[in-house]
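Welcome! Take a moment with the sequence and the 3D view below, and then let us walk through a few of the contacts and surfaces together.

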Amino acid sequence: MQAQASLVKGSVLNIEQLGYYLSYGYYQLTIAHIRQKRCVIRFGEDNERVISPGSVFQLATAVLLHQYDYAQQFYKLFQNGYMKNWINRSKSHIGDFIILLFDKVEGGNTLKPIVDDFAYQDILDNWDSTDLTKVTAYLNQLCDDQVAQVASPPSKMFFEFDNMNWQFTPYAALMLLTLRAQHGLENSDFEHPGFGNVTSLLLTQPVAPKKDEVLEQLVVKLHEQGFDEKALLA
């Protein structure tokens, strides 16, 4: 919320706050992933619809901050669980897009949409297009859909956008632009009435994850109790 307030008020990404968000997200999704793996071991079946749909924005944040190792760790959860319905679905396809885009560009390109009439297949198929008119149309589509979903009533079930956490940052569009830039592709100078100049928000240098005092103490306690996130996910 603090990072988004900076974007709304000053048209800048608060990279310090996003660095904290990335660290919290790492432990949140690591624990969630381990719980899912243990559920299969203990009960012989997947625990469906227990991962928040908003978790996908942590993957997008890792990409935006150029933290590839973190992005890969988040991706493992979605690679293992997306097609097994681990994620609690809303009616939005934006979360699907974030997962499938990373799978297409940086992952194994093994995932398929689990929804009918997936809204962004054309963007996935042409994410690396050199036609900037087409790229601009894709960015407009992603941003327009987010604005519409943020403005929709709860009955429409776009509940990753029902709170303040992810409403005002165009994560999907920024992720597409960042991945294109990382692969040496030209980007259009894209401006949107709901988000301002989106291209200008792109970062050119990695931003290190940060831990505040609360998270530092939590991690110390986890390790004292024998929690080893790297070994558990190996």
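## Salt bridges, helices and a surface patch

Arg89 and Asp96 join their side chains in a salt bridge, at 2.8 Å from N to O. The term salt bridge here means a side-chain nitrogen of Lys or Arg within 4 Å of a carboxyl oxygen of Asp or Glu. This is a predicted model, in which local features need pLDDT of at least 70, side-chain atom pairs count only at pLDDT 80 or more, and totals for chains, interfaces and linings use all residues. Residues are numbered from 1 along each chain as its sequence is written, and side-chain values use heavy atoms, with hydrogens and water left out.

Are the two partners buried or exposed? Asp96 is buried because its relative accessible area is 3%, while Arg89 counts as partly exposed because its value is 25%. For these words, buried means under 20% relative accessible area, exposed means over 50%, and partly exposed lies in between (1.4 Å probe, protein chains only).

Asp96 belongs to helix H5. Helices in this report are DSSP runs (H or I, at least four residues), numbered from the N terminus. Phe78 is 18 residues from Asp96 along the chain, and their C-alpha atoms are separated by 9.8 Å.

How many salt bridges are there by this rule? The count comes to 3, and here they are side by side:

| Partners | N to O distance |
|---|---|
| Arg89 and Asp96 | 2.8 Å |
| Glu48 and Arg49 | 3.2 Å |
| Glu224 and Lys221 | 3.6 Å |

Arg49 counts as exposed because its relative accessibility is 51%.

Glu224 and Lys221 both sit in helix H9 (residues 213-224), where they are 3 residues apart, about one turn of the helix. Glu224 is exposed because it has 56% relative accessibility, and Lys221 is partly exposed because it has 44%.

Now for the way some helices pack. Two packed helices are described by the angle between their axes and the distance between the axes. Axes are lines fitted to C-alpha atoms, for helices over the stretch in contact, and angles run from 0 to 180 degrees between N-to-C directions.

Helix H4 (residues 68-81) and helix H5 (residues 94-105) have axes that come within 11 Å and cross at roughly 115°. H4 is therefore roughly perpendicular to H5. Angles of 65 to 115 degrees count as roughly perpendicular, under 35 as roughly parallel, over 145 as roughly antiparallel, and the rest as oblique. The crossing of H4 and H5 is left-handed, meaning that the near helix is turned anticlockwise from the far one by less than a right angle.

H4 also packs with helix H2 (residues 15-43), at an angle of about 30° and with the axes 10 Å apart. H2 is therefore roughly parallel to H4. Their crossing is left-handed.

Finally, which residues form a nonpolar patch on the surface? They are Met1, Val8, Met164 and Phe168, with about 400 Å² of accessible area together. Such patches are made of residues with over 30% relative accessible area and no salt bridge, with nonpolar side chains (Val, Leu, Ile, Met, Phe, Trp, Tyr) joined within 5 Å and like charges within 9 Å. Accessible areas come from the Shrake-Rupley method with a 1.4 Å probe, and for residues, only the protein chains shown count as cover.

Val8 is found in helix H1 (residues 2-10) and is exposed because its relative accessibility is 54%. Met1 lies in the segment before H1 and is exposed because its relative accessible area is 59%.

Methods:
Helix = DSSP H or I, 4+ residues; strand = E, 2+ residues; numbered from the N terminus.
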